[in-house]
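Some notes on the model follow, point by point.

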Amino acid sequence: MLVTVGIVAAGTALRVCPRGAVMWKSDGAVVKADYLIQGGGAVGMAFADQLFSDTDATMVIVDRHDRPGGHWNEAYPFVRLHQPASYYGVGSRPLGTGSIDQTGLNAGFHELASGHEVVAHFDAVLRHRFLPSGRVTFLSSSDVDDDGVVTSLLSGARCRVEYGRFVDATHSRMQVPATTPPAYAVADDVTCVPVGRLPAVAARFDHFTVVGAGKTGMDACVWLLQQGADPEQIRWIVPRDSWVLRRGNFQPGAEHFARFCRSLADQVTAVVECDGIDDLFRRLEAADELARVDPSVTPGAYHCAILSDGELAELRRITDVVRLGRVRSIDRDQLELERGTIAARADSCYIDCSAAGIPSRPSKPIFDGDRITLQWVRTCQPTFSAAFIGHVEGSFDDEDEKNRLCRPIEPPTVPLDWLRMLAVQLDNRRAIDAYPQLQAWLTGTRLDPFWKTARERLGADEEATAHFQRYLANAGSARARLDELLASRDG
């Protein structure tokens, strides 16, 4: 059954295809909407969902995929969120059941949604919330330019969107192995596959070389070990070791609230009391805020990866770890890296996990005339950030005021970015405190793991309350100290 949606020029119509995607009947249609959203990935959908709740705006979402979810559509089969499912996705619809895992490496913690569950979550929002309303049009398998001209990637047909505001939900330029070829040369007689192909080919090999040390590389190593591979069957190419976050500090709910508050307090206390940046990271590690796979190696990277103690223990079983920089070329018998050449096993299967994930890109004002550029406003929380921006857009008119509330946070690359992100987040937190209506939104949205529980538990939970008071006592001093620390390193 075809359903007409959106607002179109006379003589044309839009129709919903069986999978929920939308296409135009004829070339040259004109679609009118309050917002044109470039990108139907996680942040585009989270923004649209919040704006949908707060306003009666009409929207056109354009995406290169045939359904929403962005890079999750190309995710490797065994990928899972590395944060609890209960505060990822859109605000209007739960993701997962909120259950606690009883087995596996995540035992004792809130469930982690699979890639398939994440895609299904966004697809359900489109089908059951957006499209039936008549206020949202989804143009799939399409590209759009700044002038609002949408081009079908399949037919080449074009339509034009007349919009009030253009929303760029693609600023992060996510890179995943499935769509980002390796930057190194691979000889014809070498097997090198993107991580998504690993489950299909693993049974044919007795040895594996995992290229890349980000969360994807970590996942590939853990998957192999969990499938029964011996650690001696795995070589891990680690261009730079990374600091990782401890998953236990990010658990929602009353039973974890004291630890959550302790984590907040420990961060700002470490900043205030440290003797310098190196001492700061020692204190953060001692407080179980950050961890490293190899305690003897000083990390040179940080990307917000979150691991459980079980995952850390698995990764530490791998002893053949090569730390000679990035791969330059792979031949059958040798591996050339930035800082040396080593012998290679001719029968090894190379697993490419080298895509950048979220590349480092300069931030820009989120609100700029008729353009909104979605970026983080809370560290490591893309969908919360997008929903918050959507709420601010729907609740405030003054552009300067909106930008004061939504200072962008650049995703991290190096350890120093931990300090830079915390500085901006503390500024955003201080700005929000002046607006009771934003405080009310924070306590109501499911995308915030803290403030709803805080309303119920602060005062009643003595341990949590003491930690939160310590956070409040140190937050202002920590913000000033962060500037000093950053200036000392930048100088």
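1. Helix H5 (residues 257-273) has 17 residues, and its first and last C-alpha atoms lie 24 Å apart, close to the expected 24 Å. The expected span is 1.5 Å times one less than the number of residues. Of the 17 residues, 13 are buried, so H5 is mostly covered; buried means under 20% relative accessible area, exposed over 50% and partly exposed in between, with a 1.4 Å probe and protein chains only. Helices (H or I, at least four residues) and strands (E, at least two) are DSSP runs, numbered from the N terminus.

2. On provenance: this is a predicted model, in which local features need pLDDT of at least 70 and side-chain atom pairs count only at pLDDT 80 or more, while totals for chains, interfaces and linings use all residues. Residues are numbered from 1 along each chain as its sequence is written, and side-chain values use heavy atoms, with hydrogens and water left out.

3. Strand S12 (residues 234-237) is covered on both faces: Ile234 and Trp236 are buried on one side, Arg235 and Ile237 on the other. S12 pairs with strand S11 (residues 208-211) in the parallel sense over four bridges, and valine 210 stands opposite tryptophan 236. S12 also pairs in the parallel sense with strand S16 (residues 321-322), over two bridges; here isoleucine 237 has valine 322 as its bridge partner. Pairing requires that DSSP finds at least two bridges between the strands.

4. Beyond its neighbours within four places in sequence, leucine 419 is in contact (heavy atoms within 4.5 Å) with Ile277, Leu280, Phe281, Leu482, Leu485 and Leu486.

5. The structure holds one disulfide, a pair of cysteine sulfur atoms within 2.5 Å. Cysteine 304 and cysteine 380 form this link, with their sulfur atoms 1.9 Å apart. Cysteine 304 lies in strand S15 (residues 301-307) and cysteine 380 in the loop between strand S22 (371-373) and helix H8 (382-395), so the pair ties together parts that are 76 residues apart in sequence. Both cysteines are buried.

6. Cysteine 221 has its closest cysteine sulfur in cysteine 353, at 7.3 Å, too far for a bond. Cysteine 406 is in no disulfide, the nearest cysteine sulfur being that of cysteine 380, 17 Å away.
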